[in-house]
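Here is a briefing on one protein chain. Please keep the structure open while reading.

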Amino acid sequence: AAAVIVPMVSPYPPQSAPPRDNFDRKLDRLTFAWGDLVAPAATAGSREAQARAHLKRHRSRLGLTDAILDAAQLTDVQDLGRGPVIARFLQKSGGLEVFNRRLNVMMNRDGALVAMSGYFAPDDQPQRSAPEFKLGAQDAVVSVLQKLGADVAADKLELASEHGAYRSFALRELLDHVSLQRPVRTRKVLFPAADGSLKPGYYRS
């Protein structure tokens with residue numbers, strides 16, 4: 001059967017220069033890419049399925065693999081019923097979020113690709129088991145407090161709350177030399193390292 005062609009309207013006047021993709025040489029990653037002005041229709045199904053199909057079709061341009069994209073988690077779909085549709089994904093590996101690595105896919109109402117932004121880190125084992133963390137969450141809070149000049153022992157902290165992937169810690173008692181305006185939140189993540197590996201660590205806020 002002949003391919004279904006979905007025309008896309010360019011936001012640029014016909015006389016202007018064609019839009020350019022953005023390749024970040026420091027990251028060695030494509031961070032923004034325009035879709036084809038005339039693109040084949042994406043697979044039928046949900047907006048997520050359409051967005052994933054576009055990402056896989058452009059995986060070579062993005063420097064990614066099917067395994068990395070299969071492990072990605074959809075965070076939300078922005079569809080107001082008119083105008084563009086945006087599907088947002090975060091990178092996951094071993095069931096953990098890769099810190100600050102996200103991809104956004106913009107489509108028109110027919111599901112054709114308008115643009116992609118963001119980037120994922122390279123990962124040769126996205127389906128790996130969760131890595132071992134040398135420090136516990138409580139010790140991670142102690143570490144960040146010490147870097148801020150507050151000498152607080154781990155036994156002075158207590159678990160204040162747990163919500164999803166977050167664990168929050170507060171001071172067990174009032175201390176003369178340090179105070180916290182609110183509990184310190186922690187979350188296990190993987191941090192992309194300069195050597196291309198993913199290092200386990202804690203996001204703290």
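Contact here means heavy atoms within 4.5 Å. By that rule, and leaving aside neighbours within four places in sequence, alanine 67 is in contact with Pro126 and Gln127. This is a predicted model, in which local features need pLDDT of at least 70 and side-chain atom pairs count only at pLDDT 80 or more, while totals for chains, interfaces and linings use all residues. Residues are numbered from 1 along each chain as its sequence is written, and side-chain values use heavy atoms, with hydrogens and water left out.

**Overall build**

- The protein chain has four helices and twelve strands. Both are DSSP runs numbered from the N terminus: helices are H or I with at least four residues, strands are E with at least two.
- Of the 205 residues in the protein chain, 35% are buried. Buried means under 20% relative accessible area, exposed means over 50%, and partly exposed lies in between (1.4 Å probe, protein chains only).
- Take the contacts in the protein chain between residues at least 6 apart in sequence: 46% of them join residues at least 24 apart.

- Alanine 67 belongs to helix α3, residues 66-71. Alanine 67 has 31% relative accessibility, so it counts as partly exposed.
- Aspartate 123 is 56 residues from alanine 67 in sequence, yet the C-alpha to C-alpha distance is 9.0 Å.
- Alanine 72 is in the loop between α3 and β5 (73-78). Its relative accessible area is 7%, so alanine 72 is buried.
- Not counting residues up to four places away in sequence, alanine 72 touches Arg52, Phe89, Leu90 and Phe120.
- Leucine 103 is 31 residues from alanine 72 along the chain, and their C-alpha atoms are separated by 9.1 Å.

**Helix α4**

- Helix α4 spans residues 137-147, and its buried residues are Ala137, Ala140, Val141, Val142 and Leu145.
- What covers these buried residues? The cover includes the strands β9 (157-163), β10 (166-171), β11 (184-192) and β12 (198-204).
- Glycine 149 follows α4 and has a positive phi, near 95 degrees.

- Phenylalanine 99 is in strand β7. With a relative accessible area of 27%, phenylalanine 99 is partly exposed.
- Phenylalanine 99 touches Val189, Leu190, Phe191, Pro192 and Tyr203, not counting residues up to four places away in sequence.
- Phenylalanine 99 and leucine 198 are 99 residues apart in sequence but 9.6 Å apart in space, C-alpha to C-alpha.
- Asparagine 100 also lies in β7, which covers residues 96-107. Asparagine 100 is exposed, with a relative accessible area of 52%.
- Asparagine 100 is not a glycine, yet its phi is positive, near 60 degrees.
- Aspartate 28 is another residue other than glycine with a positive phi, about 55 degrees. Aspartate 28 sits in the loop between β2 (22-24) and β3 (29-34).

**Aromatic rings and charges**

- How many aromatic pairs does the whole structure hold? A search finds four.
- The rule: rings of Phe, Tyr and Trp (its six-membered ring) pair if their centres lie within 6.5 Å; planes under 30 degrees apart count as stacked, over 60 as edge-to-face and the rest as tilted.
- Phenylalanine 32 counts as partly exposed, at 28% relative accessibility.
- Phe99, Phe191 and Tyr203 are linked into a cluster by ring pairs.
- Arginine 185 has its charged end over the ring of tyrosine 166, 4.0 Å from the ring centre. Lysine 188 has its charged end over the ring of phenylalanine 133, 4.8 Å from the centre.
- A charge sits over a ring if NZ of Lys or CZ of Arg is within 6 Å of the ring centre and within 35 degrees of the ring normal.

**Largest pocket**

- Which residues line the largest pocket? They are Leu27, Arg29, Arg101, Tyr119, Phe120, Ala121, Pro122, Pro192, Ala193, Ala194, Gly196 and Ser197.
- A pocket is an open set of points, on a 1 Å grid over the protein atoms alone, where a 1.4 Å probe fits, with protein on both sides within 12 Å along at least five of seven lines; lining residues have an atom within 4 Å of a point.
- The lining divides into eight nonpolar, two polar and two charged residues. Ala, Val, Leu, Ile, Met, Phe, Trp, Tyr, Cys and Pro count as nonpolar, Asp, Glu, Lys and Arg as charged, and the others, Gly among them, as polar.
- The largest pocket has a volume of about 200 Å³. Volume is the space filled by probe spheres set on the grid points, which are joined across faces, edges and corners.
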